[in-house]
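Biologist: Please take one part of this model and look at it closely. I would like to hear about the charged side chains and how they pair up.

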Amino acid sequence: AEKGRYFGAAVATGKLSTGAYTTILNREFNSVVAENEMKWDATEPQQGQFRYTGGDRLVSHAQANGMSVRGHALLWYQQQPGWAQGMSGSALRNAAINHVTQVATHFRGKIYAWDVVNEAFADGGSGGRRDSNLQRTGNDWIEAAFRAARAADPGAKLCYNDYNTDGINAKSTGIYNMVRDFKSRGVPIDCVGFQSHLGTSLASDYQANLQRFADLGVDVQITELDVMTGGNQANIYGAVTRAC
């Protein structure tokens, strides 16, 4: 693969003991991301008690095979540990920022790019934020998370990641406006992830949408690309590749 272009596989670390799996992984991919092992419920199951076993195993495998690692995800409204689900307000804000700091510090220098915040915008036509316990701590929670991540690991690219953002629509425009605001105020953000769960069709303005984000000065990453089987599958994959 060309330098700077990463072809990634989502990995459940339990599969790393399966020879056929790792043979294909090592041959076909140059980047890996944990399916679940770096999420909040996995890395901090009890408040202040961190567990990195799965993430460390994935990083070790990647380093031994010349692969980069994407970190996924520091903060998300889902897969929070039970103790965080029961918190709110300043207590939750402080716990969330501490989580970002501790996890990003643990993996400092080993992660190519972090999904700092995942899926924080609402579906539908509002273009606004998703209602969540994190959002209810104050609208600046995403900015606070990115600033904490930059302080903890200055070398990692910091990404915002979401779905249903493939074309120019209310949701992608809400995210675009946030990124534009962050860039104008010096909030550290380096990349935007487009999950690209494309089904059986591709938005006609897919490339134009990616381009407007790139024009803000952030990297564009296709993070979870999947296309349903059917007569148009190869054409959609081809169109995505050409857009990139």
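Modeller: Start with Lys 171, which is buried at a relative accessible area of 2%. Buried means under 20% relative accessible area, exposed means over 50%, and partly exposed lies in between (1.4 Å probe, protein chains only). The partner of Lys 171 is Asp 162, and their side chains form a salt bridge at 3.2 Å, N to O. A salt bridge here is a side-chain nitrogen of Lys or Arg within 4 Å of a carboxyl oxygen of Asp or Glu. Asp 162 is buried too, with a relative accessible area of 1%.

Other salt bridges share partners. They join Glu 143, Arg 147, Asp 181 and Arg 185 into one network. Take Glu 143 there. Its side chain meets that of Arg 147 in a salt bridge of 3.1 Å, N to O. Both residues sit in helix H6 (residues 141–152), 4 residues apart, which is about one turn of the helix. Helices (H or I, at least four residues) and strands (E, at least two) are DSSP runs, numbered from the N terminus. Glu 143 counts as buried at 17% relative accessibility. Arg 147 is partly exposed, at 38%.

Glu 143 also forms a salt bridge with Arg 185, and here the closest N and O atoms are 2.8 Å apart. This pair links distant parts of the chain: Arg 185 belongs to helix H7 (residues 170–185), Glu 143 to helix H6, and 42 residues separate them. Arg 185 is partly exposed, with a relative accessible area of 40%.

Now step back to the whole. This is a predicted model: local features need pLDDT of at least 70, side-chain atom pairs count only at pLDDT 80 or more, and totals for chains, interfaces and linings use all residues. Residues are numbered from 1 along each chain as its sequence is written, and side-chain values use heavy atoms, with hydrogens and water left out. The whole structure holds 11 salt bridges. The protein chain has 9 helices and 9 strands. Buried residues make up 48% of its 244 residues. Of the contacts with a separation of 6 or more, 77% join residues 24 or more positions apart. Contact means heavy atoms within 4.5 Å. The C-alpha atoms fill a box of roughly 50 × 45 × 30 Å, taken along the principal axes.
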